[in-house]
Amino acid sequence: MKDQGGSTRKRTGGRLRPSHKKKKHELGREPTETTVGEQRLRTTDARGNTQKVRALSTDVASVAVDGETVQAEIEDVVENDANPNYVRRNIITKGAIIETSEGRARVTSRPGQTGNVNAVLVDEE
């Protein structure tokens, strides 16, 4: 999220005067809303001498099945506790439940931060 600053009022209703201006290191970025589709990646500079790989869209997931990891095709986003609108827009975030060729799986990685989708099969009740 971009830094929008804190509240200008105290809990009691009194005015809060800022102690300093916004600093560059306090700034955030727009969320990478990873969609289901042909794989598209983007690298961004991160703190220190590192880079983050952001997945803009992806259609494969590494699914853990009985202690083994299998590459599975992502078909659809079924459930997403982060935001109900993400299901309609097919956006994958950590904790989202996706429909794969191996079955339903819960995403355990952060595709907008790591660039890949890792998932674990969900027991169907």
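What follows is a chat about the labels used for this predicted model and the values behind them.

Visitor: Let's start with the overall layout. How many helices and strands are there, and what order do they come in?
Guide: The chain has 2 helices and 9 strands. Starting at the N terminus, the order is β-β-β-β-β-α-β-β-β-α-β.

Visitor: What makes you call the chain more spread out than a compact globule?
Guide: The globule rule gives 14 Å for 125 residues, while the radius of gyration here is 19 Å, well over that value, so the chain is more spread out than a compact globule. For the outline, the C-alpha atoms fill a box of roughly 55 × 40 × 25 Å along the principal axes.

Visitor: And what share of the residues counts as buried?
Guide: Of the 125 residues, 26% do; the cut-off is under 20% relative accessible area. The chain exposes about 9,100 Å², with carbon and sulfur atoms supplying 44% of that.

Visitor: How are the charges placed?
Guide: There are 22 positive and 19 negative charges, and their mean positions are 22 Å apart.

Visitor: On to the sheets. What is the strand order in the open sheet?
Guide: That sheet has 4 strands in the order β2-β3-β1-β6, and the pairing is mixed. β2 (40-45) and β6 stand at the edges: each has a single partner strand, so one side of each is left without a neighbour in the sheet.

Visitor: How do you know that β2 and β3 are paired?
Guide: Two strands pair if there are at least two bridges between them, and β2 and β3 (residues 51-58) have 6, running antiparallel.

Visitor: Which residues is Ile91 in contact with, leaving aside its neighbours within four places in sequence?
Guide: Those are Glu33, Thr34, Thr35, Val77, Asn80 and Tyr86. Take Thr35: it sits 56 residues from Ile91 in sequence, yet the C-alpha atoms are 4.5 Å apart. Across the whole chain, residues 24 or more positions apart account for 35% of the contacts with a separation of 6 or more.

Visitor: What about β4 and β5, how are they arranged?
Guide: They pair in the antiparallel sense over 6 bridges, and they form a hairpin with 2 residues between them. Val65 stands opposite Glu68 in β5.

Visitor: What is the phi of Asp66, and where is that residue found?
Guide: Asp66 is in the loop between β4 (60-65) and β5 (68-79). Its phi is near 50 degrees, which is positive in a residue other than glycine. Asn90, in the loop between α1 (84-88) and β6 (91-92), also has a positive phi, near 55 degrees.

Visitor: Why is Asp66 called exposed?
Guide: Exposed means over 50%. Asp66 reaches 77% relative accessibility, so it counts as exposed. Ala82, in the loop between β5 and α1, has 55% and therefore counts as exposed too.

Visitor: Which strand pairs with β4 in the parallel sense?
Guide: That is β9, over 3 bridges. In β9, the bridge partner of Ala64 is Val120.

Visitor: And how is β9 joined to β8?
Guide: By 3 bridges, with β8 and β9 (residues 118-121) running antiparallel. Val107 stands opposite Ala119 in β9.

Visitor: Last one: how do β7 and β8 pair?
Guide: β7 (residues 97-100) and β8 (residues 103-107) pair in the antiparallel sense over 4 bridges. Ile97 has Arg106 in β8 as its bridge partner, and the two strands form a hairpin with 2 residues between them.

Definitions and conventions: Residues numbered from 1 in each chain as written. Predicted model: local features only at pLDDT ≥ 70, side-chain atom pairs only at ≥ 80, totals over all residues. Heavy atoms only, no water. Rg over C-alpha atoms; globule rule 2.2 N^0.38 Å. Buried < 20%, exposed > 50% of the residue type's maximum accessible area, 1.4 Å probe, protein only. Contact = heavy atoms within 4.5 Å. Areas by Shrake-Rupley, 256 points an atom, 1.4 Å probe, with all protein chains shown as cover. Lys, Arg positive; Asp, Glu negative; His and termini not counted. Charge placed at Lys NZ, Arg CZ, Asp CG, Glu CD.
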